[in-house]
Each structure stands twice: as C-alpha cells, then as structure tokens.
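This report describes a sheet, a helix, aromatic contacts and a pocket. The structure comes first, then the description.

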Amino acid sequence: MSQPTPDVREVNFDGLVGPTHNYAGLALGNVASMTHGGLEANPREAALQGLGKMKALMEAGYAQGVLPPQQRPDLGALRQLGFSGSDERVLARAAGEAPQILRAACSASSMWTANAATVTPSTDVSDGRVHFTPANLQSSFHRYLEPATTARVLAAIFRDEARFAHHPVLPATPAFSDEGAANHTRLAADHGEPGVHLFVYGRVAFGWGAEEGVAPRRYPARQTLEASQAIARQHGLTETRVVFAQQHPEAIDAGVFHNDVISVGNGPVLLYHERAFLDEQATLDELRAKMATPLVPIRVPEEAVSLEDAVASYLFNSQLLSNPDGTMTLVVPGECQERESVWRTIQDLLLAGHNPISEVVVKDVKQSMRNGGGPACLRLRVVLSAAERAALSGRVLLDNALHGELTAWVERHYRDRLAPKDLADPQLAKETLAALDELTGILAIGAVYPFQRG
C-alpha cells in the first residue's frame, strides 16, 4: 500500500451555465427535465446561482474550479444533419422542420460536469498520474454532442503530460454507454489515501442475468457494466481497487437516471437510499473487504424518504465535503426544505446520527434543478496534490477576482429569459459566440471551441 501524498485536496470543478440555458425537456428518465420542458428559463439567473454556490464554497475553504460551457447552438451538428446555408438559414430550417433537434443543438446540459468525465487520482495508479476519460454520453443526442469539446477543455487545463493522462472516449455504442462520474464514487480514509472506486451500472450489454426484474421497465438504464470496466482498465485500476455494483432497476424507473441521484460518497462515508443498489449487502461487503479504512455507510430507508421524494428533492445529489477537523458538510438544494420527510431525515438521521456529517448548507440552484441537476450534478471532482494543482494551465481555480470577472461577464452577455422558441433567433447564436470567445480569454485556456479553430 502506497503512502498518502501530502497536501492532497479535492477540487470541485463546476460547470458554468451556458447562455442558451433552456427547458427543452430532452432527457428521458429525468423527471424534472421532462416536467419543466417548454417553460421559460432564465440563463442569467442560472449562471449567477451556479457562481454563487461556487463562491460560497470557496469562501468556506473548499478548493473550487471552473469549467466553461459548450459552444451552443452547435451549428456544425445541424449542418451534419443536412441543414445547409447561412447560419440564419440553418437555424430557421431546423426550427421549422425539426424543432426537437434544434433544442438538442442548443442544450446547455454541459453545466452538469459530473457527466463530463471519470477521473482517477494519481495516488490510486502505478504511473503516478491523474487519469481522465471523457464520457461518451451516447444515450441522448443532446449530450452526445459534448465529448469532443470536453476532451479539448480537459486537455487544455490538465496539460502537463508528466502529471495528467487523457484517454479516448469509449466507442459511442449502446454496449459502452458511459455517463461519467455521475455513476462513480471514490471511497478512502481521506483524499490523500489510496482509494476504492465504486462504479455503478444500470445494465449489462452482453447478456442480462436470469433473474426477473433485473432490468428497468419504464426508463432506460444509461450506464453499462462494460463501460465501467473499460474505464477501470484505461486508468490502470487493479481489481483490488474497484467494485462494480448494479443500480436498482426500481430506482431507475422512479427517475434515478444516474446513481448520484440516489447516493453520494466522500472519504469513507457512503450516504445512500436503500433502493440505490440491486444487491445492497453484497455491495457493502465488497467495499468493506477492499477498503483500507472502515466504511461508514449511512442508509436512508424508504420508510423515511420515498423514491419519489428522493428524486423530487435531490437529497442524494448533494455535495458531501470534507472539513479539516474530520467532519463533513452536506450541501443540499433548497428543494430539500420543501419536502417534510426529507428535511426531517436530514435533521434526525444525518445531523443527529453517529456519522461525520456535522453541517447542512442549503443552496438555491433552482434554475438547474428545474432542468434535472442538483449541486452534485454541477461539479466534477478532481483530487490533486499541491504539485498537480500548480501544474494546471489556464486560470480556472476560483478566487474573488475571477468570480468578479465571471459575474460581470454573465451580466454583460446573458439574457434574463429564454423560451424554446427563442433558440431559432440568429442573434442569440451571435451573442453566444461573442460571450464564449471572451470567456476563453478570461480563463486563459486557448482555442477550445470549434468556431475558434476554424
């Protein structure tokens, strides 16, 4: 067992909400997204809510990073699908002939960077580098458009090849459907200790088991076992460092499209709903057998919080953060206060229980929540040593100055209301490109967008 690396910290890289933030209802199985589809959104408020959460966590002492949004509308994707002519003509034709495709090409879903990639810290692998695999997100067209730009952004920020390793996106086929860190949790004594990686999948591509009810019946299972296994191989994770567990099909059918909607882990703590895993006991037993430190499971029974309330409140899509004194802080969306059973569970089971959680912080991310993403969806967790943090390229670690510049940038460029019908407005496309061009200068990450690269 290798020794813990000194001054290792978890950096939460939050995705900036893009200027085309809208409620298109594109995500099958995401109850919030489907419920709010077609409503008017407020991109400016959404971006400022996200920046507000980042600033609050930075001021509380947590390491906070920023990732840029994708280029939207994706005019290249529209042209690939046969919409030709000027930008104005492409948008007009798509709006008239295939409005759902236009909505997909304008989606701001990259704000949920928990889906951007899967990350393995250098402490867990033999080559001593941090490993990244962008998610292929092939289960939905609007997210399938993201991986190429995601890969360029990650390569631009984590550029030092001696410290960072970048792997290719898995084949974009149903057999290797990969949704990123939303289905991945790392458990360890602390961030600097070697960890065990819990990969959660919804289905097996090359043959289901014989048991009845092993597959969801209402909504699709997005992550495959084969994809999770492939990422573990890419990153050089040995068998002693991985646990593969199947998500409970009933949870998927209730709207738990990713595992981070039904469980969250940090350090040795695993906070989960009793319907999170198909075989709960086997999952816990294997984690206990492989972890070098005792697992601290916090089980929320269904009698306390129903699957419906878990999905509506996003209790488990909260950020669980380590404090210097060994305690933990749980950052929950405001919707948790609106469900009596959820708020009571937070007070009686979590705060009053025998576990490291000592504080619950409520944040307003309602614009994101209405589209199906809570606090945990908005961040990609990257464990970095001091030397690795110093090796980052660009200006992506949040401080007061950067927060101020990004806030002013949002207020200059973002609209305060956006309905699906507005996506065909060619002026919106021009505004967005101008904003993104300025943003890459603020973040000093170079030409990562297709329009900047010719």
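## Aromatic contacts

Phe 13, Phe 132, Phe 158 and Phe 164 make up one aromatic cluster. The model is predicted, with local features requiring pLDDT of at least 70, side-chain atom pairs counting only at pLDDT 80 or more, and totals for chains, interfaces and linings using all residues. Residues are numbered from 1 along each chain as its sequence is written, and side-chain values use heavy atoms, with hydrogens and water left out.

Nine aromatic pairs occur in the structure; rings of Phe, Tyr and Trp (its six-membered ring) pair if their centres lie within 6.5 Å, and planes under 30 degrees apart count as stacked, over 60 as edge-to-face and the rest as tilted. One of the pairs is Phe 158 with Phe 164, edge-to-face at 5.3 Å centre to centre and 80° between the planes. Phe 158 is buried, at a relative accessible area of 1%, and Phe 164 is buried at 2%; buried means under 20% relative accessible area, exposed over 50% and partly exposed in between (1.4 Å probe, protein chains only). The pair of Trp 409 and Tyr 414 is edge-to-face because the ring centres are 5.3 Å apart and the planes stand at 70°. Trp 409 is buried with a relative accessible area of 0%, and Tyr 414 is buried with 2%.

## The sheet β9-β10-β11

Three strands form an open sheet in the order β9-β10-β11, with mixed pairing. Helices (H or I, at least four residues) and strands (E, at least two) are DSSP runs numbered from the N terminus, and two strands pair if DSSP finds at least two bridges between them. β9 (263-266) and β11 (296-300) are the edge strands, each with a single partner, so one side of each has no neighbour in the sheet. Direction ignored, neighbouring strands of this sheet are turned by 10° against each other on average. β9 and β10 (residues 269-273) run antiparallel and are joined by four bridges; Asn 266 has Val 269 in β10 as its bridge partner. Helix α10 (residues 280-290) packs on the sheet, where it touches β10 and β11, and its direction makes about 175° with that of β10. Axes are lines fitted to C-alpha atoms, for helices over the stretch in contact, and angles run from 0 to 180 degrees between N-to-C directions.

Gly 265 lies in strand β9 and is buried, at 0% relative accessibility. Leaving aside residues up to four places away in sequence, Gly 265 touches Thr 185, Leu 187, Leu 270, Leu 320 and Arg 381 (contact means heavy atoms within 4.5 Å).

## Helix α8

Helix α8 (residues 225-235) is mostly covered, with eight of its 11 residues buried. Among them are Leu 225, Ile 231 and His 235. The cover over the buried residues of α8 includes β3 (117-120), β4 (130-134), β7 (196-201) and β8 (242-246). Gly 236 follows α8 and has a positive phi, near 75°.

## The largest pocket

The largest pocket holds about 430 Å³ of space. Of the 21 residues lining this pocket, His 191, Leu 321, Ser 322, Asn 323 and Pro 324 are the closest to its centre. β1 (9-15) and β12 (319-322) each supply at least two lining residues, and β1 gives the most, with three.

On a 1 Å grid over the protein atoms alone, a pocket is an open set of points where a 1.4 Å probe fits, with protein on both sides within 12 Å along at least five of seven lines; lining residues have an atom within 4 Å of a point. Grid points are joined across faces, edges and corners, and a volume is the space filled by probe spheres set on the points.
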